Amino acid sequence: LAIVLAGFTITAWRLQWNDEMRRVDVELQQQVQTMLGIMHGGPSRPPHRRGENPFLPPLFEDDDRPPRPPGMRSPEDLYDWATQTGTASRYYKIWTGPEQRVEDAAGLLAESVSIPEDLPTSELAPLTRDTFVRGRQAREVIETAQRGTILVAGRTLEPELEESRRLAWKLTALGTGVWLLAFFGGGWLTRRALRPIQNITSTATRISSGHLDERINVDEADSELGQLAG
């Protein structure tokens, strides 16, 4: 029973962790797609003043900001995602050109993110990996674009790790409770089931020692114990 409960606990914990990582991967892939749209000058890229970095939000005044269709993502969305405060730290980084010169970086941890060694083998084939940034467990989505450009979107996993620890404690407590209930409940049921056999044994022992007036209860003659008593 302990082995079965341990297997159930580990399986449930692993399934929950995989679901969390799929959700994080979708979040990171959305940011990579936003970077690709900005880089290719697609409709998600609003106009910028000359010389401005297209991966940073534009410096328009509110009344000069060009309208953006609903649902379209812009450099503002990307930069706000990377710099938002919270438990997790988010970042994106772009390497461009044969010399892998850093084009842009944003986020609390972007300056410590290095060029990935395990790059995707083909363009537009994203790679998802677990890594550590400044000693903190992180998740990254890496994609290679045209002319050797490398795009990385990542985030640390503090919220997911905390939720995973809470789930592990809950599952461990639940499994331990079930095991204790089975242990003591099974012991009580076993003693209750063996009590008639103990009565038969003690009565037979007294008869064999000379107390011939003792009798074994044979009321349940149809059961296995009744047949044994008879």
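**Notebook: salt bridges in a predicted model**

I first looked up Arg206 and Glu214, whose side chains meet in a salt bridge (3.3 Å, N to O). I noted the term: a salt bridge is a side-chain nitrogen of Lys or Arg within 4 Å of a carboxyl oxygen of Asp or Glu. The model is predicted, so I kept in mind that local features need pLDDT of at least 70 and side-chain atom pairs count only at pLDDT 80 or more, while totals for chains, interfaces and linings use all residues. Residues are numbered from 1 along each chain as its sequence is written, and side-chain values use heavy atoms, with hydrogens and water left out.

Arg206 is partly exposed at 33% relative accessibility, and Glu214 is partly exposed at 25%. Here buried means under 20% relative accessible area, exposed means over 50%, and partly exposed lies in between (1.4 Å probe, protein chains only).

Next I turned to helix 3 (residues 158-208). Helices are DSSP runs (H or I, at least four residues), numbered from the N terminus. In this helix Glu162 and Arg165 stand three residues apart, about one turn, and their side chains form a salt bridge (3.2 Å, N to O). I found Arg165 partly exposed at 44% and Glu162 partly exposed at 34%.

Glu163 and Arg166 also lie three residues apart in helix 3, and they meet in a salt bridge of 2.5 Å, N to O. Glu163 is partly exposed at 30%, as is Arg166 at 38%.

Finally, I recorded a network of salt bridges that links Glu20, Arg23, Glu27, Arg90, Arg155 and Glu160. The structure holds 14 salt bridges.

Conventions:
Helix = DSSP H or I, 4+ residues; strand = E, 2+ residues; numbered from the N terminus.
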